[in-house]
Amino acid sequence: MDYKRLGRTGTKVSPLCLGTMTYGTPEWREWVLDEQASRPFIKKALDAGINFFDTADMYSVGESERVVGKALNDYAPREDFVLATKVYNPIGDGPNDRGLSRKHVMHAIDASLTRLGMDHVDLYQIHRFDYDTPVEEFMEALHEVVKAGKARYIGASSMYAWQFAKCQHVAEVNGWTKFVTMQPMYNLVYREEEREMLPLCADQGVGVIPWSPLARGVLAGKTQGADGESTRSQTDENTRKWNLGAAEADDRVIAALREVAEARGASMAQVALAWVASNPRITAPIIGASKPAHLDDAIAALDIELSDDEKQRLEAPYVPHAIAGHR
């Protein structure tokens, strides 16, 4: 596996990142795997050379961090993997159990480290932009997390480019730690980040680690809604909320994807992921895996080099979409 620099840092990560929202407890979401069912996927990823793992405090309300941290600590030396987690979304019912206030950030990082069984994370990310907390407050708090040795780097997730630029500017003028990564939604049926966010990240040397590269299974050819073949496809409210694969133009993208995949003798998921990974602005797509074939497909996608003609066929049907996933 060819490892890449994480943005402009010296840290090297695999060209795939294993997302771990699927691992934790089915008490949170019925499609989530419990600890016993989750561990083989983490071990399989490590054995394949994947050294980059992404979780969040809100996944299974902390249980994902516990499950992932325990497995990684059992299976690999600490320096052999790069671990990311996130803060912002609610992890309790109280008014301060969420957001990016200094109070919550300082509490959340300690709680995450306790669940993970580690003294630091490699990448501490804000899960979303906080409209209720001054940028200066949360950027200074994140800087203090880094200076305390509890995180090596900080990153951000889906937001508008102007918001990301404002965060970086506030950090720079105050001599605080800047974000080294951005985690946007990016896939063949949602490419709005190509307009401003991806060029901004390229200009500033920020690593891009997109989530939902398969549009929550839509680009793997999975039927969504009541007729879906999996519990998640039947119950995932965000797929419907964000209209992933619902537009008429999306049908044409999916049809083109199916044609390219069939011509190559590859799965739709492999080709869709290969397309995301082929973008030079992308560091490592974040993949999910609840079946062994999901990991196999993702790893196989790294060996697919799409031609210019194939890329043109995949990209041509796309039409602009409403901004999704920022809140």
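## Salt bridges

The structure, a predicted model, holds 18 salt bridges; the term stands for a side-chain nitrogen of Lys or Arg within 4 Å of a carboxyl oxygen of Asp or Glu. Side chains of opposite charge can pair when their charged atoms come close. Residues are numbered from 1 along each chain as its sequence is written, and side-chain values use heavy atoms, with hydrogens and water left out. Local features need pLDDT of at least 70 and side-chain atom pairs count only at pLDDT 80 or more, while totals for chains, interfaces and linings use all residues of this predicted model.

Let us start with Lys 43 and Asp 47, whose closest N and O atoms are 2.9 Å apart in a salt bridge. The two are four residues apart in helix 1 (residues 35-47), so about one helical turn separates them. Helices here are DSSP runs of H or I with at least four residues, and strands are runs of E with at least two, numbered from the N terminus. Lys 43 counts as partly exposed at 32% relative accessibility, while Asp 47 counts as exposed at 57%. In these terms, buried means under 20% relative accessible area, exposed means over 50%, and partly exposed lies in between (1.4 Å probe, protein chains only).

Where do Asp 54 and Lys 86 lie? Asp 54 forms a salt bridge with Lys 86, with 2.6 Å between the closest N and O atoms. Asp 54 is in strand 4 (residues 52-54) and Lys 86 in strand 5 (residues 82-87), so this pair ties together parts that are 32 residues apart in sequence. Both Asp 54 and Lys 86 are buried. Another salt bridge joins the side chains of Glu 192 and Arg 195 at 2.7 Å, N to O, and Glu 192 is buried with a relative accessible area of 7%. Glu 35, Glu 63 and Arg 66 are linked in a network of salt bridges.

## Aromatic rings

A pair of aromatic rings is described by the distance of the centres and the angle of the planes. Rings of Phe, Tyr and Trp (its six-membered ring) pair if their centres lie within 6.5 Å; planes under 30 degrees apart count as stacked, over 60 as edge-to-face and the rest as tilted. By this rule the count is eight aromatic pairs. One of them is the stacked pair of Tyr 23 and Phe 41, at 5.9 Å centre to centre and with 20° between the planes. Tyr 23 lies in the loop between strand 3 (17-19) and helix 1, and Phe 41 in helix 1, so the pair ties together parts that are 18 residues apart in sequence. Tyr 23 and Phe 41 are both buried. The rings of Trp 28 and Trp 31 have centres 6.4 Å apart and planes at 65°, so that pair is edge-to-face; both of these residues are buried too.

Phe 129, Tyr 131, Phe 138 and Trp 162 form one aromatic cluster. Tyr 131 also has Arg 327 over its face, at 4.0 Å from the ring centre. Here a charge sits over a ring if NZ of Lys or CZ of Arg is within 6 Å of the ring centre and within 35 degrees of the ring normal. Lys 43 lies over the face of Tyr 75 at 6.0 Å from the ring centre.

Is helix 10 largely enclosed or exposed? Nine of its eleven residues are buried, so helix 10 is largely enclosed by the rest of the structure. Among the buried residues are Met 268, Leu 273 and Trp 275. Their cover includes helix 9 (248-264), strand 10, helix 11 (292-301) and helix 12 (308-315).

Thr 283 lies in the loop between helix 10 (268-278) and strand 10 (286-287), and Thr 283 is buried with a relative accessible area of 8%. Thr 283 touches Lys 4, Arg 5, Val 13, Pro 15, Gly 207, Val 208 and Ile 209, leaving aside residues up to four places away in sequence; contact means heavy atoms within 4.5 Å. Thr 283 and Thr 11 are 272 residues apart in sequence and 12 Å apart in space, C-alpha to C-alpha.

## Positive phi angles

Tyr 88 is not a glycine, yet it has a positive phi of about 145°. Tyr 88 sits in the loop between strand 5 and helix 3 (102-116) and is partly exposed, with a relative accessible area of 21%. Arg 216, also not a glycine, has a positive phi of about 55°. Arg 216 is in the loop between strand 9 (207-208) and helix 7 (231-235), and is buried with a relative accessible area of 19%.
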